[in-house]
Amino acid sequence: MASKPGILTDWPWTPLGSFKYIILVPWIVESIYSFRVKDEKERDFTNLYIFPLMLWRMLHSQLWISLSRYRTAKGSNRIVDKGIEFDQVDRERNWDDQILFNAILFYLGNKYIPGASHLPFWKMDGLIITMLLHAGPVEFLYYWLHRALHHHYLYSRYHSHHHSSIVTEPITSVIHPFAEHIAYFALFAIPLLTIVVSGDGSIVALAAYITYVDLMNNMGHCNFELIPRRLFFIFPPLKYLMYTPSFHSLHHTQFRTNYSLFMPIYDYIYGTMDKSSDNLYENSLKRKEESPNVVHLTHLTTPESIYHLRLGFASLASKPYSSTCYFWLLWPVTLWSMMLTWIYGRTFLVERNRFDKIRLQTWAIPKYKIQYRLKWQQESINNLIEEAILEAEEKGARVLSLGLMNQGEELNRHGWLYVQKHPQLKVKLVDGSSLAVPVLLNSIPKGTTQVLLRGNLTKVAYAIASALCQKGIQIAVFHEEEYEKLNKSFGTKSEDKLVMSKSYSYKTWLVGDELTEAEQRKASKGTLFIPFSQFPPKKLRKDCFYHTTPAMQTPMALENVDSCENWLPRRVMSVWRIAGLVHALEGWEEHECGYTMSNIEKVWEASLKHGFQPLRVPTQSKS
């Protein structure tokens with residue numbers, strides 16, 4: 001929002017929220033219906049293609065968003081070496097408003113402007129006229145409009161909203177108040193109206209010009225340099241006719257230079273070109289891929305989770321993961337992404353963060369949760385994890401946190417398989433168990449004397465049960481097999497603190513992956529469910545409380561936090577991820593995987609020292 005919002009700041013359909021596209025339904029239905037019922041000679045392909053063009057523009061922008069986030073995470077050719085935060089994601093959430101606005105105007109123009117309907121598919125004259133009119137009037141008028149928008153009166157009421165984003169993303173290009181978009185459309189309509197009224201218009205000319213504007217807008221705000229140096233060497237005048245991402249990035253950091261739309265010639269003519277433009281361009285091209293200090297390994301959970309990755313839909317990634325009803329509409333894209341991950345079959349970079357001097361990267365294994373339960377997939381998964389470990393070693397990483405890769409003894413013996421196979425590993429493997437235990441202990445309400453332990457017995461489950469016994473808290477289990485395993489692991493330490501029980505009246509449940517829906521429904525009212533596994537139970541009870549999976553609140557010093565980690569709230573990080581950071585910050589030289597655990601008190605105190613804070617117990621927040 002601008003510092004002093006002027007008139008026509010908000011879009012007219014803002015009150016409709018996610019239902020704003022209902023505005024287009026009458027036009028879309030009418031165009032399809034008329035196309036079907038009219039004779040072949042009377043059919044208007046121009047009207048029919050408006051909706052597909054709108055969908056193409058959305059897909060085009062989304063591809064740029066994903067590419068930009070991937071490239072800036074890698075670090076190669078990055079321009080502005082800063083991260084973005086949730087406030088920017090929220091501010092740019094409605095980037096598709098301008099596409100909706102343009103579609104409405106296209107439908108109206110098609111109906112009411114003479115010559116705007118029944119356009120031919122191709123006409124070379126119209127394409128040439130469009131190019132000339134853009135290079136002339138459009139670029140010139142935009143330059144002076146842009147300079148006017150930087151006058152303090154208009155800037156404070158309108159254009160400051162756009163400049164709230166110092167570090168730009170492709171969609172930053174269209175984040176303007178409604179009034180600005182009216183002015184921009186009037187400019188870009190000059191070539192389109194001219195070729196339509198003169199009879200030189202065509203469907204290709206209209207679609208090509210709109211795609212060109214989107215392409216240049218997205219490229220100019222992508223925050224990584226991609227224009228090769230040889231283009232300017234082959235054709236030197238090109239530097240006056242086409243800007244680069246680094247050229248426009250300076251406008252967002254310096255504000256009073258590089259005003260041009262896509263052609264810098266007017267900045268050269270009127271003396272507003274930033275003198276550091278060439279240096280920034282060269283330095284951005286020279287910037288190498290960033291080497292991580294810490295690597296966090298994760299994997300996809302469900303087929304739809306691809307949309308919640310930071311490389312997916314920015315607005316979805318900025319919220320805790322939840323299954324959304326409209327995902328079924330995207331099933332072709334979901335299927336395509338599953339095929340791509342299966343064919344590509346390589347670990348890929350998802351996110352980068354910086355904390356103090358530590359560079360953290362998150363890598364995703366292209367496997368889904370269900371595949372970890374299939375024995376015939378285990379070899380393939382272990383190979384991918386091993387390749388990721390060796391790649392992290394090659395890149396100079398000090399710590400690799402196994403995260404969701406720590407799926408138990410059957411898969412890789414809690415990560416110890418890789419240490420045995422590569423005894424000379426310099427990168428330290430951390431499974432996060434030593435931090436998970438104290439986080440779970442601090443999640444149990446004070447004064448608790450009994451807990452029910454239910455779920456698959458993991459390394460964390462054994463450790464938390466042992467710690468609870470030492471604190472004098474009684475642990476109840478339902479099944480004899482679980483009782484025997486826990487009792488054997490405790491030795492003589494359990495005394496009378498481990499008991500068999502058939503009662504569901506316990507107010508605190510520590511739950512793992514095998515908690516059944518039937519068991520959950522039998523819990524007494526007000527029960528607190530605390531997951532010790534990496535995946536949360538399904539929330540079936542509205543009269544009970546559900547804690548998050550083991551996690552902590554991150555300090556504000558953690559940079560580039562603009563997405564949620566799976567189902568966790570904003571700026572909350574899983575202990576499996578935090579453990580790797582703490583391990584690197586403290587400079588610990590031992591592996592923490594397999595059947596070994598670090599001192600839980602030492603790990604807990606180190607986490608608090610670096611600013612990570614425990615989460616509030618749900619019963620406390622509601623009371």
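**Ground rules.** I am working with a predicted model, where local features need pLDDT of at least 70, side-chain atom pairs count only at pLDDT 80 or more, and totals for chains, interfaces and linings use all residues. Residues are numbered from 1 along each chain as its sequence is written, and side-chain values use heavy atoms, with hydrogens and water left out.

**Whole protein.** I found 26 helices and 14 strands; these are DSSP runs numbered from the N terminus, helices being H or I of at least four residues and strands E of at least two. Along the principal axes, the C-alpha atoms fill a box of roughly 95 × 55 × 50 Å. Of the 623 residues, 55% count as buried, meaning under 20% relative accessible area with a 1.4 Å probe, protein chains only.

I then looked at contacts (heavy atoms within 4.5 Å). Among those between residues at least 6 apart in sequence, 71% join residues at least 24 apart.

**Surface and charge.** The protein exposes about 29,000 Å², and carbon and sulfur atoms supply 59% of that; the areas come from the Shrake-Rupley method with a 1.4 Å probe. I also checked the charges, with Lys and Arg as positive, Asp and Glu as negative, and His and the chain ends not counted. The mean positions of the 67 positive and 58 negative charges are 3 Å apart, each charge being placed at NZ of Lys, CZ of Arg, CG of Asp or CD of Glu.

**The sheet.** An open sheet of 6 strands runs β8-β7-β6-β9-β10-β11 with parallel pairing. β8 (498-500) and β11 (545-546) stand at the edges with a single partner strand each, so one side of each has no neighbour in the sheet. I counted strands as paired if DSSP finds at least two bridges between them.

Next I followed β6 (residues 450-454), which 3 bridges join to the parallel β7 (residues 474-477). V451 has I475 as its bridge partner in β7, and Q450 stands opposite Q474. Since 4 of the 5 residues of β6 are buried, the strand is largely enclosed by the rest of the structure.

**Helix α17.** After α17 comes G396, with a positive phi near 90 degrees.

Technical notes: Buried means under 20% relative accessible area, exposed over 50%, partly exposed in between (1.4 Å probe, protein chains only).
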